[in-house]
Amino acid sequence: MCGIVAYIGSQAAYPIILKGLKRLEYRGYDSAGIALYGKNITNFKKKGRVAELESWTDEITLTASVGIGHTRWATHGEPSDVNAHPHKSNSGKITLVHNGIIENYASLKQELIQKGYTFESATDTEVLVNFIEEIQQSNNYSLEEAMRIALKRVVGAYVIIVMEEGFPNRLIAARKGSPLVIGVGDGEHFLASDASPIIEYTKKVIYVNDYELAIISEDEIILKNLGNEPITPYIQQLDMELAQIEKGGYDHFMLKEIFDQPASLTDCLRGRLDSENMTLTLAGVEQHLSVFAQAKRIVIVACGTSWHAGLVAEYMIETLCRIPVEVEYASEFRYRNPVIGPGDIIIAISQSGETADTLVAIERAKEQGAFIFGVVNAVGSSIARISHAGAYTHAGPEIGVASTKAFTAQLTVLAMMAMKIGKAKGTLASAEYDRLIAELALIPEKVKTSLATHEKIKEVAKHYADARDFLFLGRGYNFPVALEGALKLKEISYIHAEGYPAAEMKHGPIALVDENLPVLFIATKDAYYEKIVSNIQEIKARKGMVIAVISEGDTLIRDMADHVMVVPEVDELLAPLISVLPTQLLSYYIGVLRGLDVDKPRNLAKSVTVE
Ligand code: AGP
């Protein structure tokens, strides 16, 4: 889950690659490097952030117009100068950057050591570059031929971009499992893990598919599969603006993306929800309505925050469509050999659309005949492309590692899916359907109202910034919100936080409660309200500190709790879209108060493209 960037053209490559790597730092930021083709290929790499590369000021950084770059999230070999990319082959003739994992690198390494190869790093990538060289030299193949042969033998995920001494005007790239976008310029081309390093130069892009190879010069792109068959490049137009990937005056991307939500939810509803005519249009569902209407069960597969969105969807779909739903951690689902077959619907939820566990889980389910429906944010991403159908969340680029606006957009799409299928099945009455459409139309405004209380939430954060542990509790639709709130706080503040169904407390976790433990209740007005009031009393009876997310006008819990965060009243089914907002802001402010890098939390990366 690294970030890679490359450039070939007439401009100086170094500044373009450096800026691009900074845009991709959310994918990994423990070491970085660039290789430029001047008189020959020169490497410069360092442990630490991309900014470390700015100390490279040699002549070549001003003149070279071809180069490759990498920002790393270590998998094989600790973060260090020697393990940083790019990696060179033993002869020094081949240099490459790699995003992904070569699972059979150890056996390949043994083979190469027996042939006299030596290794200076602990990475799988250095094994790959030498494996390509071995095939090239022992068969007198061209680099392209050697790559095609080598890549058929490696197991795992990769995007590689390769330079070769003697070929100053050529890059060769290949992809399987990790993302690669090519930006089509005029006399120049850009390559990157996603469009953010490309957008300021061109909006014409090619999304490279698995098992494809691209041979790129400054004025030509040749696409082939590993079988050496030519492929016609499919050039698409990016519908993203540069401003969308800048901070827009906020201190952090996370805060910007939290405040983006009124707009991102409006974008998510645009062209889909029409509250004047009481209609809902979701093409991906409509084209397969009979599949959904006849479904015996739905299995939701996802990771992290997307898995929490799946849990909310379980409540929504079972309530409105009366179809049993199972929510699966993708990493467990893919190895558990689950009972899956024709007639089963898999909903894959993913912001990045590149999460390896989710991707492989649905590949397996697809092989077994299941119907795959993707709920994805990143347009053109792998999960979107291998799904039979889907719905984009249109939340716009999400740069902060902690997912915020993508989560609420996922909930919005999942709510629209449940409403659409319920209406079609007749399990959701027209009047109720219309009422929910009217409620959904009010959400962007209610989000704006909720976020307007951010100063009050900042005050609450000051009371709990030094907490060692935290409990988040909720019931019904708000139970997954408790899990999501706990995840956000863990990610951003490194405080140990756990989420639980409130009633589950009595079965153990209540033993943790004392005057030092903050307990945050997601306690908006719903069918569970009375129950959650008594859960709060149980905590107060044991001197626990209670923070509560409450609905406007709720004086009962206001008087019981130590601190409250108030949100507008909203229909129970849509409550998670609103009740999650104070937990996003609270974790943000606590992270800032603890002096942490809230956009790039330690040990994390935005898109987990390896197992
Ligand atoms: C959430 O804040 C985290 N970044 C992480 O849990 C994330 O939700 C998970 O990795 C899934 O990512 P995806 O939605 O891109 O598949």
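A polar contact is a pair of N or O atoms within 3.5 Å; within protein, one of the two must be able to donate a hydrogen and the other to accept it. The model described here is predicted. The points below concern a residue in a loop, the surroundings of the ligand, and the nonpolar cores.

**Glu25 and its surroundings**

- The side chain of Glu25 reaches the backbone nitrogen of Val50 at 2.9 Å.
- Glu25 sits in the loop between helix H1 (13–23) and strand E2 (31–37).
- Glu25 counts as buried because its relative accessibility is 8%, and buried means under 20%.
- Beyond its neighbours within four places in sequence, Glu25 is in contact with Arg49, Val50, Thr71 and Lys600.
- Lys600 lies 575 residues from Glu25 along the chain, yet the C-alpha atoms of the two are separated by 8.2 Å.

**The ligand site**

- In the side chain of Ser306, an N or O atom is 2.6 Å from an oxygen atom of the ligand.
- For Ser350, an N or O atom of the side chain is likewise 2.6 Å from a ligand oxygen atom.
- Thr355 places a polar side-chain atom 2.5 Å from an oxygen atom of the ligand.
- The ligand taken alone exposes 410 Å², and the protein buries 91% of that area.

**The nonpolar cores**

- In soluble globular proteins, nonpolar side chains tend to be buried together.
- The largest nonpolar core has 94 residues, and the members that touch the most others are Ile298, Ile347, Phe373, Met417 and Phe470.
- Helix H14 (residues 405–425) contributes 11 residues, the largest share of this core.
- Apart from neighbours within four places in sequence, Ile347 is in contact with Ile298, Val299, Ile300, Val301, Ile317, Phe373, Val375, Leu414 and Met417.

Definitions and conventions: Residues numbered from 1 in each chain as written. Predicted model: local features only at pLDDT ≥ 70, side-chain atom pairs only at ≥ 80, totals over all residues. Heavy atoms only, no water. Core = buried A, V, L, I, M, F, W, Y, C linked by side-chain atoms within 4.5 Å. Buried < 20%, exposed > 50% of the residue type's maximum accessible area, 1.4 Å probe, protein only. Helix = DSSP H or I, 4+ residues; strand = E, 2+ residues; numbered from the N terminus. Contact = heavy atoms within 4.5 Å. Areas by Shrake-Rupley, 256 points an atom, 1.4 Å probe, with all protein chains shown as cover.
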